[in-house]
Amino acid sequence: MELTTLFTMQRDLDSFIQNNHEGHVDLFTKKGLALLVELSELANETRCFKFWSHKEASPHHIIIEEYVDSIHFLLSLGIEKGFDTLVQEWPEGDVEGELTDLFIAANAAINHFISEPTIERYKMLWILYGAIAKKLNFTNKDVWHAYLEKNEENYARQKKGY
């Protein structure tokens, strides 16, 4: 999937937010923690690890919204490090495992990226998020449309003083 347009949209949203919230210096670590939180929220909605519960996963629209919340921060972290010009297509790679395993791997990869933000680690995050999307049966089109909807919602929230 082409990412250039998403990077542009995210850069615009980041600028809009930063213009309305002055004074933040170290946004990289804050966005890194936000990505970890969003990944956890996504895992919680899938309920893939809740072996003790019979309750089903949240509806598709909730899960994909949580997924693209992560994509917003993944894009934003790439912009922070200047990787947006180096990653124009969603990197592909084969990652096997159950959904729970993919969440654990993504969590570890996020932590590694925060501590040592290299382009290789950044691409690995995209590969892991691609594997998670595949496990959740999200198509590129699903992710694209959900990102656009959430981007609009994020602007609306900011305009209302979120």
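At what angle do helix H4 (residues 99–115) and H5 pack, and how far apart are their axes? The legends below take up this pair and three further views of the predicted model.

**View 1. Packing of helix H4 against H5 in the predicted model.** Helix H4 (residues 99–115) and H5 pack at an angle of about 160 degrees, and their axes lie 9 Å apart. Because angles over 145 degrees count as roughly antiparallel, H4 is placed roughly antiparallel to H5. The crossing of these two helices, H4 and H5, is left-handed. On the H4 side the contact draws on Leu99, Leu102, Phe103, Ala105, Ala106, Ala109, Ile110, His112, Phe113 and Ser115, which meet Arg121, Tyr122, Leu125, Leu128, Tyr129, Ala131, Ile132 and Lys135 in H5. By class, the residues of this contact of H4 with H5 comprise 14 nonpolar, two polar and two charged.

**View 2. Packing of helix H2 against helix H3.** The axes of helix H2 (residues 27–46) and helix H3 (residues 60–80) cross at roughly 160 degrees and come within 9 Å, an angle that makes H2 roughly antiparallel to H3. The crossing of H2 and H3 is left-handed. From H2 the contact involves Leu27, Phe28, Lys31, Gly32, Ala34, Leu35, Glu38, Leu39, Glu41, Leu42, Glu45 and Thr46, while H3 contributes Ile62, Ile63, Glu66, Tyr67, Asp69, Ser70, Phe73, Leu74, Ser76, Leu77 and Glu80. Sorted by class, the residues of the contact of H2 with H3 are 12 nonpolar, four polar and seven charged.

**View 3. Packing of H3 against H5.** Here the axes of H3 and H5 cross at roughly 165 degrees and come within 11 Å, so that H3 is roughly antiparallel to H5. The crossing of H3 and H5 is left-handed. The residues of H3 that make the contact are Tyr67, Ser70, Ile71, Leu74, Leu75, Leu77 and Gly78, and those of H5 are Tyr122, Leu125, Trp126, Tyr129, Gly130, Ile132 and Ala133. In the contact of H3 with H5, 11 residues are nonpolar and three are polar, with no charged residue.

**View 4. The second largest pocket and its lining.** The second largest pocket holds about 420 Å³ of space. Its lining is formed by 20 residues, and those closest to the centre of the pocket are Gly93, Ile127, Gly130, Ala131 and Lys134. Helix H5 (119–135) and helix H6 (140–159) each supply at least two residues of this lining, and H5 gives the most, with seven residues. The lining of the second largest pocket divides by class into 11 nonpolar, four polar and five charged residues.

Conventions
Residues are numbered from 1 along each chain as its sequence is written. This is a predicted model: local features need pLDDT of at least 70, side-chain atom pairs count only at pLDDT 80 or more; totals for chains, interfaces and linings use all residues. Side-chain values use heavy atoms; hydrogens and water are left out. On a 1 Å grid over the protein atoms alone, a cavity is a set of points where a 1.4 Å probe fits but cannot get out, and a pocket is an open set with protein on both sides within 12 Å along at least five of seven lines; lining residues have an atom within 4 Å of a point. Grid points are joined across faces, edges and corners, and a volume is the space filled by probe spheres set on the points. Helices (H or I, at least four residues) and strands (E, at least two) are DSSP runs, numbered from the N terminus. Ala, Val, Leu, Ile, Met, Phe, Trp, Tyr, Cys and Pro count as nonpolar, Asp, Glu, Lys and Arg as charged, and the others, Gly among them, as polar. Axes are lines fitted to C-alpha atoms, for helices over the stretch in contact, and angles run from 0 to 180 degrees between N-to-C directions. Angles under 35 degrees count as roughly parallel, over 145 as roughly antiparallel, 65 to 115 as roughly perpendicular and the rest as oblique. A crossing is left-handed if the near helix is turned anticlockwise from the far one by less than a right angle, and right-handed if clockwise. Contact means heavy atoms within 4.5 Å.
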